Amino acid sequence: MSLERFLNKAVSSWMSAEGPDGDIVLSSRIRLARNIDQYKYSFLNSNEEALQVIETIRSRIEQGPYTKMGNMDLLMMEELQPLQKRVLVEKHLISPHLAENANHGACLLSENEEVSIMINEEDHIRIQCLYPGLQLQEALNTAFEIDDWIEEEIDFAYDEKFGYLTSCPTNVGTGLRASVMMHLPGLVMTHQMNRIIPAINQLGLVVRGIYGEGSEALGNIFQISNQITLGKSEQDIVEDLQSVVSQIVSQERAVRDTLIKTSNIQLEDRVFRSLGVLMNSRIIESKEAAKCLSDVRLGIDIGYIKEIPRNILNELMILTQPGFLQQYAGGPLRPNERDIRRASLIRERLNMEKTL
């Protein structure tokens with residue numbers, strides 16, 4: 001029953017709630033990588049050792065659950081169908097690596113889906129905290145509390161000189177990855193992202209698509225995260241990212257104001273054309289849907305569209321992904337069938353909202 005709840009509920013609380021700067025920042029994520037001292041790294045573990053890692057972490061949960069997380073559900077990757085794992089990836093609850101490559105991987109999920117503890121991914125433990133809007137500090141505080149709670153009973157691999165030891169050298173030190181997911185249509189329309197991305201990279205940050213490394217920035221949604229984990233404290237990493245993100249938020253808002261002043265009718269036309277496509281199409285590919293949803297969300301944010309709430313777009317961003325479409329269909333769909341079902345779902349959802 002718990003698995004079905006995670007699969008069938010399209011939008012997690014971190015996506016449906018309004019957070020600070022929520023018109024531009026969709027979410028803040030903190031991820032801590034840890035390894036248990038007495039075990040080999042995940043990629044070296046035998047099946048038996050991997051199961052022992054899961055049992056060690058499960059025992060810690062059962063000894064006394066961390067109260068802020070509420071009840072935790074343990075999902076074993078080998079017990080899930082490929083489509084079920086794909087849905088969890090699309091909801092950002094597990095990583096693509098855990099879904100595809102993990103040896104006896106598992107995941108502990110909180111009821112509100114804000115906390116995900118991935119087990120036997122690249123590292124034994126990856127604590128992930130997701131919050132709506134720009135709330136990096138809040139997510140970091142929660143991750144620290146969970147980290148400390150687990151470490152009360154489990155010894156992590158740690159070196160006095162290098163910090164937390166991880167399977168990938170790029171995570172050694174703090175083991176921290178902090179990231180924000182941002183909607184930046186104005187900067188994309190005005191071609192400013194082409195100069196912003198190299199500048200961000202020079203600051204030790206990296207810009208990726210909606211699903212992280214190797215993914216495309218569909219719907220003008222970008223993830224910005226730290227690259228450096230060694231030689232800086234967790235607090236410094238988060239503060240540096242917060243500062244850069246705040247500057248990008250200001251630039252995106254300034255660009256939107258300029259577009260309204262200088263190209264108002266063209267921008268309004270673009271927004272309502274995209275709304276018309278979404279409300280009337282009988283077949284639509286994922287890239288076109290993402291582009292139109294981005295335009296409509298921009299229209300909501302700047303006040304052109306008042307009858308559709310912003311969180312509907314968050315919901316449709318997830319519902320129109322291939323995994324979710326097939327989950328609701330009850331099985332695999334060919335690409336053309338997915339495009340038809342995607343168009344139908346968007347029409348029904350938007351028209352239902354407009355009639356309420």
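**View 1. Strand β3 is joined to strand β4 (residues 115-119) by four bridges, and the two run antiparallel.** The model is predicted: local features need pLDDT of at least 70, side-chain atom pairs count only at pLDDT 80 or more, and totals for chains, interfaces and linings use all residues. Residues are numbered from 1 along each chain as its sequence is written, and side-chain values use heavy atoms, with hydrogens and water left out. Strands (E, at least two residues) and helices (H or I, at least four) are DSSP runs numbered from the N terminus; two strands pair if DSSP finds at least two bridges between them. Within this pair, serine 116 of β4 stands opposite leucine 109. Four residues separate β3 from β4 in a hairpin, and glutamate 113 in the turn has a positive phi of about 65°.

**View 2. Strand β2 (residues 72-76) pairs with β3 through five bridges, in antiparallel orientation.** Leucine 75 is placed opposite cysteine 107 in β3. Because five of the five residues of β3 (residues 106-110) are buried, the strand is largely enclosed by the rest of the structure. Buried means under 20% relative accessible area, exposed over 50% and partly exposed in between, with a 1.4 Å probe and protein chains only. Cys107 and Leu109 point one way from β3, and Ala106, Leu108 and Ser110 the other way; all are buried.

**View 3. Serine 116 lies in strand β4.** Serine 116 has a relative accessible area of 1% and is therefore buried. Its side chain reaches the backbone oxygen of leucine 93 at 2.7 Å. This is a polar contact, a pair of N or O atoms within 3.5 Å; within protein, one must be able to donate a hydrogen and the other to accept it, and residues adjacent in sequence count only if both atoms are side-chain atoms. Leaving aside residues up to four places away in sequence, serine 116 touches Leu93, Cys107, Leu108, Leu109, Arg126, Ile127 and Gln128, where contact means heavy atoms within 4.5 Å.

**View 4. Isoleucine 36 sits in the loop between β1 (25-34) and α3 (47-63).** The residue counts as buried because its relative accessibility is 1%. Residues up to four places away in sequence aside, isoleucine 36 touches Val53, Thr56, Ile57, His124, Ile125, Ile154, Asp155 and Ala157.

**View 5. Glutamine 84 belongs to helix α4 (residues 82-90).** Its relative accessibility is 15%, so glutamine 84 counts as buried. The side chain of glutamine 84 reaches the backbone nitrogen of glutamine 81 at 2.8 Å.
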